Amino acid sequence: MDMKVNKRQGQLLNETIAQWQQQQLIDTQQAQQLRQSYRIISFDWKLLAVYSFWVAIACFILSVILLVADDYLMALMSRLINTPASVLTIISTLIAGGFFFLGVKRRQRYPEKTVSNEAMFFFGVLITAVASGFLSHTAMAQNWRESLFILIPTITYLIIGVQLRSVLVWLFALFGMGLWVLTETSYLAPNHYLFWGMNIPLRLTVIGALIIGLSALVKHNPRLLYLQEATLFIGLLYFFSALWMLTIFGNYDSLSAWSHIKQIELWGWSVAMIFLTLGAILYGIKYNNPLIRAFGIIFLLLCLYSRYFEFFWGTLHKALFFAILALSFWWIGSRAEKLWQLGNKHE
């Protein structure tokens, strides 16, 4: 059976085969056989399926968050169903377990339908969150901290994600882990702002760095290697998003304190972000890691554009600002080209 590839993958394969043929690594007949081994599809239906399922999942997540966060709606649902919260917790837990079970059976029966199989696991994730919401309304859990109702499903996702080898469930475990740490540290902070001298964005950068470190540990475990890229993605997302927020809000203990400072006073965070994003770009190029490279490029541009709107919107002409950016990136590109050519000479 011919392998199906999209246009971008097909172009890469064609260029690779042509280069091999030019270097006389393969002859004309072998090149023709390789080109006949794959077929370029005009439309990537798999990518559409992935995007569609992700949009559906995002909508479900928003729906559940709004439901669980609304105490009135949760209490109203309990009254309408006329069932004790403890019974609803048990029922929803069983339903969640049923979805995970059906997801495993479906994956065994249709292993090629990876996207819809993972989507089935999502419903288990969803109902697990609902069960935790019902648990918070039981008499037993009335005096528990709110962070516990985040920790319980997070631990559940961690265990199930590893046992079922589900990247989707593992992603929700990492999201839950970050949310639990922020909630717990906010509860322990004296004024709900600073914990060990760190506000929420700074704490989030620490969480991101720890998750990035976790991805490095996972990489060296053959059993968990399939989780490495997803773990790295969440770690980078936490780290750079929080770092960008620090360039705007700094490490202040309240919004009132932040409102009395000038943005120029936060220049240190901007410099730190520029160096870290440039480091990510260079690391991604050197070690051929497109994920780290992409995060570095995206957040470097985001940092520069944010500083532009803060410092130069009313003073520096827009054309001049972008001309300076263009010249700087032209210089970076020229230096990168020279280094690349130098590397080719030494090969």
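This is a predicted model: local features need pLDDT of at least 70, side-chain atom pairs count only at pLDDT 80 or more; totals for chains, interfaces and linings use all residues.
1. Asparagine 288 sits in the loop that links helix H12 (267-286) to helix H13 (290-312). Helices here are DSSP runs of H or I with at least four residues, strands are runs of E with at least two, and both are numbered from the N terminus. Although asparagine 288 is not a glycine, its phi is positive, at about 55 degrees. With 62% relative accessibility, this residue counts as exposed; the scheme calls a residue buried under 20% relative accessible area, exposed over 50% and partly exposed in between (1.4 Å probe, protein chains only).

2. Residues are numbered from 1 along each chain as its sequence is written, and side-chain values use heavy atoms, leaving out hydrogens and water.

3. Arginine 165 also deserves a look: this non-glycine residue has a positive phi of about 55 degrees. You will find arginine 165 in the loop between H7 and H8, where it is partly exposed, with a relative accessible area of 47%.

4. Now for the chain as a whole. Its secondary structure comes to 14 helices and two strands. Of the 347 residues, 33% are buried. Among contacts (heavy atoms within 4.5 Å) with a separation of 6 or more, 62% are between residues 24 or more positions apart. The accessible surface is about 21900 Å², and 68% of it belongs to carbon and sulfur atoms; such areas come from the Shrake-Rupley method with a 1.4 Å probe, and for residues only the protein chains shown count as cover.

5. How many salt bridges does the rule give? The count is one, where the rule asks for a side-chain nitrogen of Lys or Arg within 4 Å of a carboxyl oxygen of Asp or Glu. The partners are arginine 145 and glutamate 184, at 2.2 Å from N to O. Arginine 145 is in the loop between H6 and H7 and glutamate 184 is in helix H8 (residues 167-188), so the pair ties together parts 39 residues apart in sequence. Arginine 145 is partly exposed at 34% relative accessible area, whereas glutamate 184 is buried at 15%.

6. Finally, Met140, Trp144, Leu148 and Ile152 make up a nonpolar surface patch with about 360 Å² of accessible area together. Methionine 140 lies in the loop between helix H6 (114-135) and helix H7 (148-163), and it is exposed, at 57% relative accessibility. Patches take residues with over 30% relative accessible area and no salt bridge, joining like charges within 9 Å and nonpolar side chains (Val, Leu, Ile, Met, Phe, Trp, Tyr) within 5 Å.
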